[in-house]
Amino acid sequence: MRLTSSADAALWTPVTGSLGLRGRRQRKAAIRMLLAQANSAIGREGRPGSRVAAWAASQAAPLAMRKADGRVLAWTWKAEPDLVVAMATVQLLTAQLRMARASMPMEYDDTENFPTPLGVGEKLLIAVPPNPASPPSATYTWDTGSHLITLNVVCRDRERFGTLEPALDALARSIRIADDLASGESKTLRLPPA
């Protein structure tokens with residue numbers, strides 16, 4: 001199963017498929033922000049060499065995403081690439097993954113229904129995480145029966161996170177499953193949910 005998206009190009013810069021110089025600045029900013037959030041979550045300040053690590057990861061990320069072949073899509077906020085990082089993934093829904101989802105901490109039970117063209121999924125906003133070092137985040141999930149589609153969003157600024165919710169919802173609604181059907185191969189009409 002592969003994913004596609006029609007994300008608003010005025011708001012989001014795709015990291016997926018941006019090889020070489022194209023998208024390099026956005027990739028580095030996003031990876032640097034994620035590394036800084038990971039360091040603060042474990043109680044470390046900026047570590048020496050973190051700029052080099054961000055650069056190395058930004059060079060490897062497009063190749064890894066290309067190898068993922070549509071199973072991973074990633075974006076950064078266009079106006080400020082180190083403000084928001086969003087990543088959509090698709091995973092085979094195994095018994096172990098179902099068990100891991102069922103045993104998540106209590107705060108992950110505060111989801112709300114979220115209808116999209118993929119079906120009715122779940123939306124979870126954690127604007128004020130229990131750990132002060134953790135960044136605000138949003139998670140959108142859809143269970144297709146055979147696969148789990150997840151959009152994870154991390155923001156570095158707690159105060160601006162609430163203003164981004166409409167754009168995050170629009171990004172989640174832009175995600176689609178890419179059918180590998182040739183013309184005339186299917187007689188199934190797909191309609192969006194009512």
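β4 (84-92) and β8 (147-155) run antiparallel and are joined by nine bridges, where strands (E, at least two residues) and helices (H or I, at least four) are DSSP runs numbered from the N terminus, and two strands pair if DSSP finds at least two bridges between them. This is a predicted model, in which local features need pLDDT of at least 70 and side-chain atom pairs count only at pLDDT 80 or more, while totals for chains, interfaces and linings use all residues. Residues are numbered from 1 along each chain as its sequence is written, and side-chain values use heavy atoms, with hydrogens and water left out.

**Strand pairing**

**The nonpolar core**

- The largest nonpolar core has 26 residues, and Val84, Tyr140 and Leu168 are among those with the most contacts inside it; such a core is a set of buried Ala, Val, Leu, Ile, Met, Phe, Trp, Tyr and Cys residues joined through side-chain atoms within 4.5 Å.
- At least two residues of this core come from each of β3 (72-77), β4, β7 (137-143), β8 and α5 (165-173).
- Tyr140 touches, among others, Phe114, Ile149, Leu151 and Leu168, not counting residues up to four places away in sequence, with contact meaning heavy atoms within 4.5 Å.

**Asp157**

- Asp157 is found in the loop between β8 and α4 (158-161), and it touches Leu83 and Pro136, not counting residues up to four places away in sequence.
- Although Asp157 is buried, it has no salt bridge, and the nearest side chain of opposite charge, Arg160, is 4.1 Å away; a salt bridge is a side-chain nitrogen of Lys or Arg within 4 Å of a carboxyl oxygen of Asp or Glu.
- The side chain of Asp157 does reach the backbone nitrogen of Glu159, at 3.0 Å.

**Thr4**

- Thr4 is found in strand β1 (residues 2-5) and is partly exposed because its relative accessible area is 34%, given that buried means under 20%, exposed over 50% and partly exposed in between (1.4 Å probe, protein chains only).
- The C-alpha atoms of Thr4 and Ser174 are separated by 8.2 Å, although these residues are 170 residues apart along the chain.
- Leaving aside neighbours within four places in sequence, Thr4 is in contact with Leu73, Ser174, Ile175, Arg176 and Ala178.

Key
Lys and Arg count as positive and Asp and Glu as negative; His and the chain ends are not counted. A polar contact is a pair of N or O atoms within 3.5 Å; within protein, one must be able to donate a hydrogen and the other to accept it, and residues adjacent in sequence count only if both atoms are side-chain atoms.
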